[in-house]
Amino acid sequence: MKIIAGVVWALLLGSAAAAQDFSSSLDKGTWELGLFGGGGIGLGKSDNTQFFYAGGRAGRVLTSDHLSGIFRGNFEWAVDAMPIYVVFPPESAVYGGSFKPAIWKWNFTSGKKIVPYFAAEGGIVFSRSNIPPGDTSYVNFTSQAAFGAHVFVKQMRALLFEVEFGHLSSASLGAHNPGYNATFTFTVGYTWFRGPK
């Protein structure tokens with residue numbers, strides 16, 4: 001609940017600033033470059049497991065705006081590289097890294113200062129030992145649905161807030177595949193945009 005309250009507070013704070021229109025920061029051909037960190041928990045049977053990660057994101061807006069009203073927006077493809085990806089099962093921390101080559105985002109560009117988005121994400125996690133612990137695998141795959149927003153602090157610069165619901169499992173690469181059937185994570189970051197030439 002504190003995480004959700006923090007997101008709402010940040011969005012309200014951002015909207016309270018001057019009503020300058022930053023929507024052109026996400027025109028077709030714009031590059032997104034950002035740094036972020038975050039963490040979260042497992043849900044259900046894995047609610048005693050925690051996650052922490054940090055890394056960078058690169059993306060490119062591939063389309064012009066489509067649709068109208070609050071649904072107006074564009075499509076972006078982004079990639080995350082996370083050299084720090086730590087899983088905290090009850091026994092001890094497991095260190096690794098993650099690469100997420102498929103982040104397919106729809107940016108809702110009707111706002112002037114806040115640009116929300118929805119994303120479908122998929123990636124891979126490499127760890128130094130098996131996760132979940134046991135006769136599983138040190139290679140796991142992730143799939144996530146993300147809801148986020150860029151809160152612009154000035155032209156071509158924005159704070160990033162993102163909530164993700166996901167799944168992590170080895171796709172039976174190991175002898176057993178209990179996986180983490182449901183995860184909830186929260187990400188914060190800072191993003192630079194570079195417009196098309």
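Predicted model: local features only at pLDDT ≥ 70, side-chain atom pairs only at ≥ 80, totals over all residues.
A search of the whole structure finds 1 cavity of 30 Å³ or more. Its lining is made up of 20 residues, among which Tyr53, Tyr85, Lys100, Gln144 and Glu164 lie nearest the centre. At least two lining residues are supplied by each of the strands β2 (50-61), β3 (73-88), β4 (94-108), β6 (139-154), β7 (157-169) and β8 (180-194), and the largest share, 5 residues, comes from β7. By residue class, the lining divides into 7 nonpolar, 8 polar and 5 charged residues.

Two of the residues nearest the cavity centre, Lys100 and Glu164, also form a salt bridge with each other, in which the closest N and O atoms are 3.4 Å apart. This pair links distant parts of the chain, since Lys100 belongs to strand β4 and Glu164 to strand β7, 64 residues apart. Both Lys100 and Glu164 are buried, and for Lys100 the relative accessible area is 4%. The side chain of Lys100 meets that of Glu121 in a further salt bridge, with an N to O distance of 3.0 Å. Because Lys100 lies in strand β4 and Glu121 in strand β5 (residues 114-127), this second pair ties together parts that are 21 residues apart in sequence. Glu121 is likewise buried, with a relative accessible area of 5%.

Side chains of opposite charge can pair when their charged atoms come close, and a search of the whole structure finds 7 salt bridges. Another of these is formed by the side chains of Glu162 and Arg57, at 3.4 Å from N to O; here too the pair links distant parts of the chain, with Glu162 in strand β7 and Arg57 in strand β2, 105 residues apart. Glu162 is buried, its relative accessible area being 1%, and Arg57 also counts as buried, at 6% relative accessibility, because the cut-off for burial is under 20% relative accessible area.

On the surface, a nonpolar patch is formed by Ile41, Leu43, Phe118, Phe147 and Phe165, which together have about 430 Å² of accessible area.

Conventions. Residues numbered from 1 in each chain as written. Heavy atoms only, no water. 1 Å grid on protein atoms, 1.4 Å probe; cavity = no way out; pocket = protein on both sides within 12 Å on 5 of 7 lines; lining within 4 Å. Points joined across faces, edges and corners; volume = space filled by probe spheres on them. Helix = DSSP H or I, 4+ residues; strand = E, 2+ residues; numbered from the N terminus. Nonpolar A, V, L, I, M, F, W, Y, C, P; charged D, E, K, R; others polar. Patch = residues over 30% accessible without salt bridge, like charges linked within 9 Å, V, L, I, M, F, W, Y side chains within 5 Å. Areas by Shrake-Rupley, 256 points an atom, 1.4 Å probe, with all protein chains shown as cover. Salt bridge = Lys/Arg side-chain N within 4 Å of Asp/Glu carboxyl O. Buried < 20%, exposed > 50% of the residue type's maximum accessible area, 1.4 Å probe, protein only.
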